[in-house]
Amino acid sequence: MEDREGDIRRKEQELDSLRSKVLQQEKHISALREEREMMTGGDEALLKALKDRDSAIEKQNSMEVELAKSKIDVMNLDSQLLEAIQQKISLSQQLEDWQVDMHTLLNKKVRAELQSEEQSSKNNSNGNGRRKFSLWH
């Protein structure tokens, strides 16, 4: 779990780093656009192509950020699933322990009842004095 949390923190730091890089790239692109506009002097087809390219780059950057967020969400869900599995294992172990305890207790009760019956039959000379066997007595 600690490894998963460490991975999540690293991914968040990586995401912050990527966001910072994206902002730097956007500033750089803006500066290049201004420079290009001064140099081109109005070439419309070139401007449109450059604008389309810049738009595609922005979309790519946005998708990369979304992908990083999704990966972090998946890691969080994996962590929660592992916790649930660990809880189930613990509860299964507790149930198994309880079953063993109940089995032991019932065995002791049966032995005690059998011993009591044997003693009762020894004390009774004709053997008609036997008690009915009961676990709940």
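Lys 71 is partly exposed, with a relative accessible area of 45%. You'll find Lys 71 in helix H2, which spans residues 44-123. Keep in mind that this is a predicted model.

Leu 82 belongs to a nonpolar patch on the surface, together with Met 1, Leu 81, Ile 85 and Ile 89. Between them, these five side chains' residues have about 440 Å² of accessible area.

Then there's the charged side of the story. Glu 2, Asp 3, Glu 5 and Glu 83 gather on the surface as a patch of negative charge. Which helix supplies the largest share of that negative patch? Helix H1, residues 2-40, does, with 3 residues. Glu 5, one of the patch members, has its place in helix H1. Glu 5 is partly exposed, at 38% relative accessible area. Why does Glu 5 get called partly exposed? Because its 38% falls between the 20% limit for buried and the 50% limit for exposed.

| Residue | Helix | Relative accessible area |
|---|---|---|
| Glu 5 | H1 | 38% |
| Lys 71 | H2 | 45% |

Notes
Residues numbered from 1 in each chain as written. Predicted model: local features only at pLDDT ≥ 70, side-chain atom pairs only at ≥ 80, totals over all residues. Heavy atoms only, no water. Patch = residues over 30% accessible without salt bridge, like charges linked within 9 Å, V, L, I, M, F, W, Y side chains within 5 Å. Areas by Shrake-Rupley, 256 points an atom, 1.4 Å probe, with all protein chains shown as cover. Salt bridge = Lys/Arg side-chain N within 4 Å of Asp/Glu carboxyl O. Lys, Arg positive; Asp, Glu negative; His and termini not counted. Charge placed at Lys NZ, Arg CZ, Asp CG, Glu CD. Helix = DSSP H or I, 4+ residues; strand = E, 2+ residues; numbered from the N terminus. Buried < 20%, exposed > 50% of the residue type's maximum accessible area, 1.4 Å probe, protein only.
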